[in-house]
Amino acid sequence: MKAAKIITVALIVIVSMIVSIDFQLKQQFGRSLDDPRGAISVPGIREEVTVGRDSLGVPYIDAKNEDDLFFATGYVHASDRLWQMTMLNMAMQGRLAEIAGDDYLGFDLFIRSLGVGDVIDDAMKKINGRSRAVLESFSQGVNAYVESHPHLPAEFFLTGFRPEPWVPRDTMFVFAMLSLNLSFNFIEELDFLNLAARVGFEKAAYLVPVYPDQDLPFDETRKLAEIDCRELNRLAGSWNDVRKQLRETMSISIPASNNWAVSGKKTRSGKSIICNDTHLALMMPNVWMMMHQKCPGFESAGVTVPGIPIVSLGFNGRTAWGATLVMADNQDIFIEELKVIQGKIHYRYRGQWVPARVHREQFRIKGRGSIVRNIIYTVHGPLLNNGLANMPLPPEMPVQPLPVKSRYGMSLCWGIGDAVRTLDGFLKLGQARNAAEVRNAVLDMESIYLNIVYGDGDHIGWQVSGRLPLRKKGTGQLPSPGWDGEYDWAGMLPVTANPHSEDPADGFIATANNRTVEKNYPIHISSSWFNPERAERQRQVLGRIDNVSANDMVKLQFDHYSPMAKKIQRLLFHGRPAREIRRAVRSMTDDGAARAWEALEFLKPERFNAVMDKDSAPAAVLGAFMHAAVRGIFLDELGPEGSVPWESFQDASMISYSAQQDHILGREDSPFWNDINTKENEGKWRILAEALDRAILLCEDRMGSNRQAWKWGRLHTYRWAHDFTKKIPFFHGYLNRGPYPASGDGHTLDVATPSWGDSFDVYLIPAMRLIVDFGLEEPARLVCTPGQSGNPSSDHYDDMLPYWLNGKNYPLPFGKEAVEKQYHDVLVMKPKTPPVP
């Protein structure tokens with residue numbers, strides 16, 4: 001008893017100390033917040049600037065000149081998202097080890113291997129006067145904030161890091177991050193190599209389908225036939241660790257978004273409506289922040305990326321624009337044959353051994369000093385070997401050569417385009433007076449690949465941005481041999497060659513990361529389209545309705561009808577597939593068959609309307625069936641869970657049209673319809689029948705035996721988790737939000753995508769919802785999630801969640817009276833010195 005009392009007292013003391021420290025630290029963190037009202041003197045501005053804030057903390061910046069406008073933008077960005085913009089910048093520079101230590105050295109080396117620094121240095125030499133002035137003013141504003149704030153947000157305190165002065169080059173690195181985030185085929189190619197190492201090149205083709213009506217990429221796999229896939233896996237095998245860190249820091253390579261434009265002939269007012277909801281990884285904070293910028297000659301409101309001073313998507317009072325990912329393939333992995341000749345790395349190219357170019361990079365590591373690594377370049381681009389290898393770091397060897405574990409290397413060819421011209425294009429959007437001028441601005445966007453849907457009151461349009469590569473041979477979907485030049489790029493196409501549409505006869509334009517062109521379109525855009533269901537739903541609804549209002553569009557953005565659920569119902573209840581599944585169920589054991597029949601009863605159309613509502617029991621059974629089916633089809637050959645092939649498979653399925661969907665709805669000839677752990681050949685119908693059985697077992701296990709208590713939202717939840725809480729046991733309540741029950745899935749317009757076969761947790765959401773109805777006095781509505789501020793001590797860290805979770809939107813006013821009413825907290829920024837005459 002005495003020992004128990006001592007332990008109890010010790011635990012009470014420890015808990016009390018933790019609570020006390022936690023309270024004191026939160027008090028410390030709260031000192032980083034500013035009063036949104038009052039007046040401050042700021043060195044660096046020429047004239048008075050006002051920053052209004054509304055009840056959600058959204059800023060309205062009103063300046064008398066453009067330099068002061070972007071200075072104030074920098075100040076506000078730093079006030080709301082300093083840690084986030086610092087991390088995005090440091091990540092894309094390959095400098096996270098300076099903050100987080102050894103764990104991020106591999107990440108830093110991989111990022112530097114991409115060669116972004118050279119591209120940005122070249123861009124900064126060509127930048128025009130206006131763009132340079134914008135970036136310099138923004139940088140000055142960021143630095144003015146940091147210099148005047150000794151107490152920075154919690155993350156800086158916890159890491160002991162204080163940011164360096166911001167410079168224009170830093171914004172370009174964040175911009176490059178945005179470009180990388182919208183280009184992801186190299187990730188698919190590395191994932192494919194990991195899959196091929198387990199099952200072989202030809203069988204792995206079944207795991208990377210292109211689109212429901214297109215052939216599997218067997219031609220792409222045949223070009224790799226002479227290469228031992230296991231040797232390539234030695235290089236790509238550690239990709240999983242790098243990819244996880246990329247997702248944590250950049251939300252990289254998770255495509256999805258919806259946008260659409262409805263012409264006046266289908267709307268209640270006779271004026272256009274533009275809608276957009278961009279789908280990004282569920283992060284705390286979100287990568288978007290809201291802002292309204294105004295000065296003489298320039299006005300724009302919408303979402304910005306922390307660290308980039310320009311509204312990316314939004315409304316300028318006369319025109320509106322929104323974006324989805326094109327899914328363009330502007331990256332290729334080339335397999336290089338390597339050889340050491342007289343101590344130097346060479347690569348074979350067109351019959352000769354060519355010396356590789358070597359660039360030395362210095363890396364600073366928190367607590368360890370500096371080391372130097374070599375970045376190796378071929379004619380195709382930087383070799384990724386060093387960035388993907390697990391490197392020992394003995395202190396006595398600060399300079400290490402390229403690790404050649406096989407005779408192969410992998411180089412990355414990336415058509416990053418003209419970043420300066422792209423930046424200019426976004427600047428022009430703030431001044432575009434009509435739809436035609438929006439399109440002209442988009443044509444300047446060479447380095448970013450988007451479906452831009454746009455309009456003014458009378459016209460709507462769609463333009464694909466970004467310069468696409470022209471390949472000599474092949475599609476570039478999978479890695480290509482680099483030694484004979486056969487698969488090299490012949491050049492880059494102009495943006496004017498990209499798909500474009502204006503004022504279509506059916507009265508609307510819609511994109512959802514789907515294949516937006518016919519199968520045999522003369523320009524090769526991609527082999528990595530996303531699933532077609534969201535686009536099908538857009539066409540289904542927009543094609544049949546007239547007299548459309550903004551409220552109708554709010555409902556459509558919050559739509560939870562799943563065309564995929566309807567397709568599964570057709571599979572289960574119609575034609576030969578339904579007969580085969582029932583035959584397989586009848587061959588099962590009594591208990592298993594009873595559960596499978598019960599699952600079918602839940603999923604029949606009379607009981608399930610294909611709406612993935614959080615309170616729906618049939619939706620829960622459908623989700624459980626999808627989960628069980630994916631595991632039944634693939635886990636035996638690609639597992640166990642957590643292995644490199646399984647992780648690569650799950651990742652590849654997040655990026656584009658998935659093997660999971662492709663197999664469940666078709667692909668009866670696939671070699672994966674067989675459990676390699678049994679003697680019998682099960683076939684598709686037996687595996688799906690067993691998945692019905694396991695769906696009921698899963699629901700019982702997770703939600704109990706009471707069927708009345710089963711709900712999709714009990715399995716399927718939103719959790720906003722700060723990266724810090726993945727590494728430390730404290731501050732979860734301070735930094736994280738959730739869980740909240742989630743409706744939808746990866747096939748609904750209101751996306752809430754889980755990883756089928758792995759987890760029901762939502763990883764992809766609409767990070768913003770924008771609606772601009774030109775028929776209204778105040779056309780624009782916009783909401784983000786979870787809040788405007790990235791500072792956990794702020795009331796605006798999470799106060800947009802009630803709007804977002806309940807499908808509500810929020811006004812983004814332009815009229816003087818509405819602006820004054822909404823932006824009631826006003827901070828006046830005054831020049832610290834008299835204005836220069």
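**Figure 1. Strand β19 pairs with strand β23.** In this predicted model, strand β19 is joined to strand β23 (residues 500-502) by 3 bridges, and the two strands run antiparallel. Within this pairing, Q463 has H500 of β23 as its bridge partner.

**Figure 2. Strand β19 also pairs with strand β18.** Strand β18 (residues 450-455) runs antiparallel to β19, and 5 bridges join them. One of the bridge pairs links G455 to I460 of β19. With 4 residues between them, β18 and β19 form a hairpin.

**Figure 3. Helices α6 and α8 cross.** Two packed helices are described by the angle between their axes and the distance between the axes. Here the axes of helix α6 (residues 129-147) and helix α8 (residues 168-181) come within 8 Å and cross at roughly 105°. Angles of 65 to 115 degrees count as roughly perpendicular, so α6 is roughly perpendicular to α8. On the α6 side, the contact is made by L135, E136, F138 and S139. On the α8 side, P168, T171 and M172 make the contact. Sorted by class, the residues of this contact are 4 nonpolar, 2 polar and 1 charged.

Figure 4. The buried residues are L105, F107, D108, L109, F110, I111, R112 and S113. G115 follows α4 and has a positive phi, near 75°.

**Figure 5. F634 sits in the largest nonpolar core.** In soluble globular proteins, nonpolar side chains tend to be buried together. The largest nonpolar core of this model has 233 residues, and W288, F634 and M829 touch the most other members. Leaving aside residues up to four places away in sequence, F634 touches L207, G639, W646, F649, A659, Q660, H663 and F672. A second, separate core has 14 residues, including F508, A550, M553 and L749.

Technical notes
Residues numbered from 1 in each chain as written. Predicted model: local features only at pLDDT ≥ 70, side-chain atom pairs only at ≥ 80, totals over all residues. Heavy atoms only, no water. Axes fitted to C-alpha atoms, helices over the stretch in contact; angles between N-to-C directions. Parallel < 35°, antiparallel > 145°, perpendicular 65-115°, else oblique. Contact = heavy atoms within 4.5 Å. Nonpolar A, V, L, I, M, F, W, Y, C, P; charged D, E, K, R; others polar. Pairing = 2+ DSSP bridges. Core = buried A, V, L, I, M, F, W, Y, C linked by side-chain atoms within 4.5 Å. Buried < 20%, exposed > 50% of the residue type's maximum accessible area, 1.4 Å probe, protein only.
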